[in-house]
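Please prepare a short briefing on the structure shown here.

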Amino acid sequence: QVQLVESGGGSVQAGGSLRLSCAASGYTFDSDCVGWFRQAPGKEREGVAAIYYRRGLSADSTNYADSVKGRFTISQDNAKNTTYLQMTSLKPEDTAMYYCAAAGPYGCAGWNVMGTFIYWGQGTQVTVSS
């Protein structure tokens, strides 16, 4: 059974940093697209970042929402089957529930579209105070 488990959320002050983790189990693909989405109260879920990786190759391709470019970094540790989202210079508007999702070996086209992704985690809350 495929399972994605997020961790690393919490409460920080504006300007602070957090690192979110998404641990995958129950499947192993030679390539995969993993994305991070977030949803604030009363708002639609939006794509934050995505990474397309291929096992055995060091070069990954990444995508970011304009609102987080230069502040967030997505990365992949294939040995641990874990995807990370390093978040720096956090702002109150970054407050949301953060979800990771996996698309399987079908690429990252439409990386910020929920329908691209097959598997979803339960989310981890990030709260940024001013």
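**Aromatic cluster and overall fold**

One aromatic cluster is made up of Phe-37, Phe-117 and Trp-120. The model is predicted: local features need pLDDT of at least 70, side-chain atom pairs count only at pLDDT 80 or more, and totals for chains, interfaces and linings use all residues. Residues are numbered from 1 along each chain as its sequence is written, and side-chain values use heavy atoms, with hydrogens and water left out.

**Aromatic pairs**

- Rings of Phe, Tyr and Trp (its six-membered ring) pair if their centres lie within 6.5 Å; planes under 30 degrees apart count as stacked, over 60 as edge-to-face and the rest as tilted.
- The count by this rule is three aromatic pairs.
- Phe-37 and Phe-117 form an edge-to-face pair, because their ring centres are 5.3 Å apart and their planes stand at 85 degrees.
- Phe-37 belongs to strand S4 (residues 31-39) and Phe-117 to the loop between strand S9 (96-102) and strand S10 (119-120), so the pair ties together parts that are 80 residues apart in sequence.
- Phe-37 counts as buried at 0% relative accessibility, and Phe-117 counts as buried at 6%.
- Buried means under 20% relative accessible area, exposed over 50% and partly exposed in between (1.4 Å probe, protein chains only).

**Fold and dimensions**

- The protein chain has zero helices and 11 strands; helices (H or I, at least four residues) and strands (E, at least two) are DSSP runs, numbered from the N terminus.
- The radius of gyration of the protein chain is 14 Å, close to the 14 Å from the globule rule for 130 residues, so the chain is as compact as a globular protein of that length.
- That radius is taken over C-alpha atoms, and the globule rule is 2.2 Å times the number of residues to the power 0.38.
- The C-alpha trace spans about 40 × 30 × 25 Å along its principal axes.
- Of the 130 residues, 43% count as buried.
- Among contacts (heavy atoms within 4.5 Å) with a separation of 6 or more, 59% come from residues 24 or more positions apart.

- Asn-81 is not a glycine, yet its phi is positive, at about 50 degrees.
- Asn-81 sits in the loop between strand S7 (72-77) and strand S8 (82-87), and is buried with a relative accessible area of 17%.
- Ser-89, also a residue other than glycine, has a positive phi near 50 degrees.
- The loop between S8 and S9 holds Ser-89, which is partly exposed with a relative accessible area of 41%.
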